[in-house]
Amino acid sequence: MFEDEHVLQDEYTPEKLIERDEEKDDYVEALQPVANGGTPRNIFVYGDTGVGKTVATRMILDELVTDTDEFEDVDVEIVWLNCKGLTSYQTAVQLVNSLRGSSRKISSSGHAKAAVYEMLWSELDDRDATHVLFVLDEVDSLGSDDNLLYQIPRARSNQHIEDTHIGLIGICNNFKFRESLSQRVKSTLCETEIRFGPYDAGELRTILNQRADKAFVDGVLDDDVIPLAAALAGQNTGSARRALDILYNAGSLARKHDDDTVTEDHVREAVSVVEKGVIEDELRDLPTQSHLVLYAIAQLEQQGETPARRKEIYEVYEGIAERGEFDVKAQRTVLDRLGQLSLKGFLHVNEVNKGRGGGKHHQYELDVKLDLVLTVLDEHSRIVEATGNQQLSDFT
Ligand SMILES: Nc1ncnc2c1ncn2[C@@H]1O[C@H](COP(=O)(O)OP(=O)(O)OP(=O)(O)O)[C@@H](O)[C@H]1O
Ligand SMILES: [Mg+2]
């Protein structure tokens with residue numbers, strides 16, 4: 001079935017960037033000053049998950065480094081850091097460490113923040129490179145502490161460093177993050193903004209074709225497989241990651257069933273496998289208190305008592321939280337969680353009117369499969385760990 005399945009996976013970098021010509025032009029324009037020995041514009045890249053922000057940035061910067069290799073007096077160094085799970089402070093430490101040799105690394109705690117910045121500036125000043133471009137991927141992890149994002153682009157104008165030109169590229173898939181930045185950061189980091197929109201079915205088809213040529217043995221894909229995978233991913237998300245995932249799973253299913261070719265049916269089956277996986281991941285990532293609330297509703301659902309009102313849910317929640325020795329939160333907090341779970345699509349809310357003058361109340365039920373919720377919550381390590389390897393079902 002597969003000639004090289006790795007080609008369909010996330011880490012693989014294609015040889016040529018396709019379907020992102022405009023975004024590439026914007027990049028090139030912002031980075032143009034590098035070639036003339038000047039300071040590049042800072043760039044803020046945003047767009048939904050899976051639309052090629054990371055892969056395009058990597059490929060464009062690789063090209064920049066290769067192109068400037070020919071220039072005697074320009075030497076570009078890229079420092080790439082994925083900020084997922086890091087605070088602003090930890091990010092600064094990691095940046096220092098990525099500029100330092102292995103014998104001079106610093107530990108990720110115990111230094112004053114100002115001292116870490118000092119180390120960063122002095123490393124930068126000592127660089128052989130004329131230009132250092134920082135890429136902070138998934139930069140929204142830094143949250144509201146955006147001092148680092150202010151300091152890096154200003155390091156030269158604030159005379160912390162003399163020689164090296166600095167550029168900052170921030171990538172994120174959470175547009176609210178941009179809104180949350182302070183004005184002073186917005187005006188530096190967001191000098192150039194590049195938006196990566198969702199792909200349409202036609203673009204996804206081109207992307208899938210490019211990968212499929214290398215990934216699959218010749219002739220194993222039925223003609224309608226790529227158009228269908230592209231159409232389904234295009235309708236739902238516009239994510240190339242999702243489209244590639246569907247294609248990969250369709251191939252795996254065909255292999256598992258010992259079929260000779262990948263068919264439309266495999267694609268449809270793959271879509272449900274992938275969607276189930278996505279829901280599972282989202283469920284798993286919820287905070288513990290949300291898990292407890294969700295579990296309470298799952299209990300009610302199992303007993304045929306949904307849709308249920310907030311009060312009923314709270315009583316079950318309270319029982320589980322007490323028996324499991326979790327923090328028992330107030331009704332107010334549980335109501336917040338119910339709202340969040342509904343927003344994320346895990347719950348369905350009905351508004352029930354109690355007739356004239358009777359006011360109204362809300363009723364909740366699961367909007368995802370009951371057994372999926374139970375499996376994920378029972379496997380969920382944080383809860384299982386917190387309770388000494390007991391499962392939530394032990395507390396009901
Ligand atoms: N234009 C493209 N050409 C070829 N492959 C692409 C393209 N865009 C995206 N991909 C592929 O889709 C997958 C997801 O892309 P990428 O990791 O760049 O997404 P992202 O926008 O950074 O998502 P996230 O916000 O989740 O980090 C990768 O496997 C990538 O190679
Ligand atoms: Mg990315």
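The following legends describe close-up views of a predicted model.

Residues are numbered from 1 along each chain as its sequence is written, and chains are lettered from A and ligands numbered from 1 in the order in which they are written. In this predicted model, local features need pLDDT of at least 70, side-chain atom pairs count only at pLDDT 80 or more, and totals for chains, interfaces and linings use all residues, while side-chain values use heavy atoms, with hydrogens and water left out.

**View 1. The shell of residues around ligand 1.** There are 21 residues around ligand 1, and those that come nearest are Thr49, Lys53, Thr54, Tyr199 and Arg211. A residue is near a molecule if one of its heavy atoms lies within 4 Å of it. The shell comprises 9 nonpolar, 6 polar and 6 charged residues; here Ala, Val, Leu, Ile, Met, Phe, Trp, Tyr, Cys and Pro count as nonpolar, Asp, Glu, Lys and Arg as charged, and the others, Gly among them, as polar. Helices H2 (53-68), H8 (201-215) and H10 (240-256) each supply at least two residues of this shell. Helices (H or I, at least four residues) and strands (E, at least two) are DSSP runs, numbered from the N terminus. Domain 1 (20-195) and domain 2 (199-283) each contribute at least three residues to the shell, the bounds coming from an automatic or database domain assignment.

View 2. A polar contact is a pair of N or O atoms within 3.5 Å. An oxygen atom of ligand 1 lies 2.9 Å from a side-chain N or O atom of arginine 241. For aspartate 10, a side-chain N or O atom is 3.1 Å from an oxygen atom of the ligand. Taken alone, ligand 1 exposes 630 Å², of which the protein buries 95% (Shrake-Rupley method, 1.4 Å probe).

**View 3. Strand E8 and its partners.** Strand E8 (residues 360-366) pairs in the antiparallel sense with strand E6 (residues 308-309) over 2 bridges; two strands pair if DSSP finds at least two bridges between them. Strand E7 (residues 347-353) also runs antiparallel to E8, joined to it by 7 bridges. Tyrosine 364 in E8 stands opposite alanine 308 and opposite valine 349. In the hairpin of E7 and E8, with 6 residues between the strands, glycine 355 takes a positive phi near 80 degrees.

How values were computed
A polar contact is a pair of N or O atoms within 3.5 Å; within protein, one must be able to donate a hydrogen and the other to accept it, and residues adjacent in sequence count only if both atoms are side-chain atoms.
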